[in-house]
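Here's a quick briefing on how two chains sit together. Have a look at the model first, then read on.

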Amino acid sequence: MKNFWYLFAAYSIIWTALCVYMIRLSQKNKELQVELRNLRAQLERILTK
Amino acid sequence: MQKWWTIMLFVMAFPCIYLCMNRVFHATVMCITMNVAIMLIFLYAPTEKMQGIVQKIFYFHVSSAITMFFAFFLVCVASIMYLWKNSDWWDTIALSAAEIGVVFCTLVLITGPLWARPIWGTWWSWDPTLTLTLVLWLIYVAYLMLRIETYDPKRARFAAILGIIGFVDVPLIRWSVEKWRTLHPKPVLIQEGGTTGLTSAMLLTFLVCLVAFLLLFFYLLRERMSVVQSRHALEVLRHDIDELCVG
């Protein structure tokens, strides 16, 4: 088990980085979808006035 | 040579699979493949005699590197298409692939030194392969800095040119691994004469890892493209509302 910590560090960094990036992308996507829905509703309200 | 073509076909088949899959199915297949890959790495693949357990970094390090090369290849192709067709869709692909390529390049640059320290006795060496990989990372970070937030056609065209020129570094890295005498080991996956330096168990494990990483790449590409497209739609909508309010 010599050098186990190097292996552990490499896999931990890969998984942490990929998870953070995936969560960030998914959150950004959700925020943008909400903002888009709100703006579309606002545009509809303006058009019906 | 035949093995090269098999691998190229294998990689090129993914865009087709990507088009056929829906998001949930894609994510499920990706998670299953990734879990199988991890199980194969730790339970099935043999431990290399000279390097010991630390050699298992190879599976994710090389898979990340191949995914990174594929991402930058996509940036190059999409940038050429953008300059030719002037279509926003190609620009969206180039921008998304560049960001994901930088993520994988960062992983390569982190896992490389973690593997190098116990084997070479040093974290980093300014040898051609490592230096060229760092240059590649810097080129595409510059590309992303050119494209921060808002869509500007002039910036997009400059970035497309940088994306094409930057790709020249990729064959140089490959060439440096094969031809230069550096600390970085010569290719073990496909050696001269088309043979492989891996045992069959190691090769199978590596191929499953590569499939998992390519599936992850296309999943991230889909998500990142959706962000870019939503941002663009928001800009258009805001512009329409502003015009209506002023009118």
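What follows covers the ground rules, chain A on its own, and then the interface.

This is a predicted model, so local features need pLDDT of at least 70 and side-chain atom pairs count only at pLDDT 80 or more, while totals for chains, interfaces and linings use all residues. Residues are numbered from 1 along each chain as its sequence is written, chains are lettered from A in the order in which they are written, and side-chain values use heavy atoms, leaving out hydrogens and water.

**Chain A**
- Chain A has one helix and zero strands, where helices are DSSP runs of H or I with at least four residues and strands are runs of E with at least two.
- Its C-alpha trace spans about 75 × 5 × 5 Å along the principal axes.
- Of the 49 residues in chain A, 24% are buried (under 20% relative accessible area, 1.4 Å probe, protein chains only).

**The interface**
- On the chain B side, 38 residues are in contact with 31 residues of chain A (heavy atoms within 4.5 Å).
- The two chains bury about 3200 Å² between them, 81% of it on carbon and sulfur atoms; that's the accessible area (1.4 Å probe) lost on being put together, summed over both.
- There's one salt bridge between chain B and chain A (a side-chain nitrogen of Lys or Arg within 4 Å of a carboxyl oxygen of Asp or Glu).
- That salt bridge pairs the side chains of A:Glu35 and B:Arg238, at 2.3 Å from N to O.
- In chain B, helices H2 (23–44), H3 (57–85), H4 (88–120) and H8 (200–246) each supply at least two residues of the side touching chain A.
- H8(B) gives the largest share of that side, 16 residues.

Conventions
Buried means under 20% relative accessible area, exposed over 50%, partly exposed in between (1.4 Å probe, protein chains only).
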